[in-house]
Amino acid sequence: VLAGADKSGQVAALLCYAHREVAALAEGEGGWDSEYPRDTWRPRRLGLAGAGEAALQFGGITQPWLKDLAKRWARSRISAGLSTHTCYHGIRAITRFSAFAARAGIQGMHQADRELLERYLASLHRELAGKPAMLGDSIGELNTFLLAIRRHGWDDSLPATAILFPGDYPKEPGRLPRALAAHVMAQVENPVNLGRWGNPAYALITIILIRCGLRISSATGLAWD
């Protein structure tokens, strides 16, 4: 079969399929009981329809106490119907926090007070400088993680001061003005340019857009009157 494959993609797909089938035979039935202890969760083995091949990786979280909390959080999110893609972002944020905790010598969530979080935020801003979207995502996911621990009572040693505030998030960059420049509008409104439309309906819609400030979808959806 491999020799007859015309494309390398077909070979790779066949090898991936064979690997999954052999792994399934070796590891037995899937489900939470067998998958939860692993450092890699395969959505297919958890029976998640449409999850694709994306796996959830916990191996980068080096502290057992933090890895256990991350797994409980991920399982609760999956059980609540969130996608594995969403869980991936959460695990990535906790993996990044794990690396900082290892450097800081943190031994448990009892040390994750506000002072520690402020140190982590400073480190995170330096690490993700120039990447405001990823920075905001990392802060938001960590905050959701801390709230879940407190809400579900997974670790009573978590300090009450382990809180992230709106001011901890990066400011959104200023957006460019949406209005067209006057000299551009003058070109659009020029009757000669409007006459270049091959369909008079397009010219009419352009005039409606200019005079009413509608979105293109709203303009094309207007009833004929």
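The model is predicted, so local features need pLDDT of at least 70 and side-chain atom pairs count only at pLDDT 80 or more, while totals for chains, interfaces and linings use all residues. Residues are numbered from 1 along each chain as its sequence is written, and side-chain values use heavy atoms, with hydrogens and water left out.

The protein chain holds 10 helices and two strands. Here helices (H or I, at least four residues) and strands (E, at least two) are DSSP runs, numbered from the N terminus. Along the sequence their pattern is α-α-β-β-α-α-α-α-α-α-α-α. Of the 225 residues in the chain, 30% are buried; buried means under 20% relative accessible area, exposed over 50%, and partly exposed in between, with a 1.4 Å probe and protein chains only. Among contacts with a separation of 6 or more, 54% join residues 24 or more positions apart, where contact means heavy atoms within 4.5 Å.

Two packed helices are described by the angle between their axes and the distance between the axes. Axes are lines fitted to C-alpha atoms, for helices over the stretch in contact, and angles run from 0 to 180 degrees between N-to-C directions. Helix H4 (residues 84-104) and helix H6 (residues 132-152) have axes that come within 9 Å and cross at roughly 90 degrees. H4 is therefore roughly perpendicular to H6; angles under 35 degrees count as roughly parallel, over 145 as roughly antiparallel, 65 to 115 as roughly perpendicular and the rest as oblique. On the H4 side, the residues in contact include His89, Ile94 and Phe97, and on the H6 side they include Met134, Leu142 and Phe145. By class, the residues of this contact are six nonpolar, four polar and four charged. Ala, Val, Leu, Ile, Met, Phe, Trp, Tyr, Cys and Pro count as nonpolar, Asp, Glu, Lys and Arg as charged, and the others, Gly among them, as polar.

H6 also meets helix H3 (residues 64-79): the axes of H3 and H6 come within 11 Å and cross at roughly 90 degrees. H3 and H6 are therefore roughly perpendicular to each other. Leu66, Leu69, Ala70, Trp73 and Arg77 of H3 touch Glu141, Thr144, Phe145, Ala148 and Ile149 of H6. This contact has seven nonpolar, one polar and two charged residues.

Two residues of H4 can be followed individually. Ile94 lies in helix H4 and counts as buried because its relative accessibility is 0%. Neighbours within four places in sequence aside, Ile94 is in contact with Ile61, Leu66, Ala70, Trp73, Leu142 and Phe145. Gly60 is 34 residues from Ile94 in sequence, and their C-alpha atoms are 9.1 Å apart. Ser98 is also in helix H4, and it counts as buried because its relative accessibility is 1%. With neighbours within four places again left out, Ser98 is in contact with Gly60, Ile61, Thr62, Gln63 and Leu66.

The last stop is the second largest pocket, with about 220 Å³ of space. On a 1 Å grid over the protein atoms alone, a pocket is an open set of points where a 1.4 Å probe fits, with protein on both sides within 12 Å along at least five of seven lines; lining residues have an atom within 4 Å of a point. Helix H9 (200-212) and helix H10 (216-220) each supply at least two lining residues, and H9 gives the largest share, four residues. Among the lining residues are Leu204, Ile208, Thr220 and Trp224. The lining divides into eight nonpolar residues, one polar and one charged.

Terms used. Points joined across faces, edges and corners; volume = space filled by probe spheres on them.
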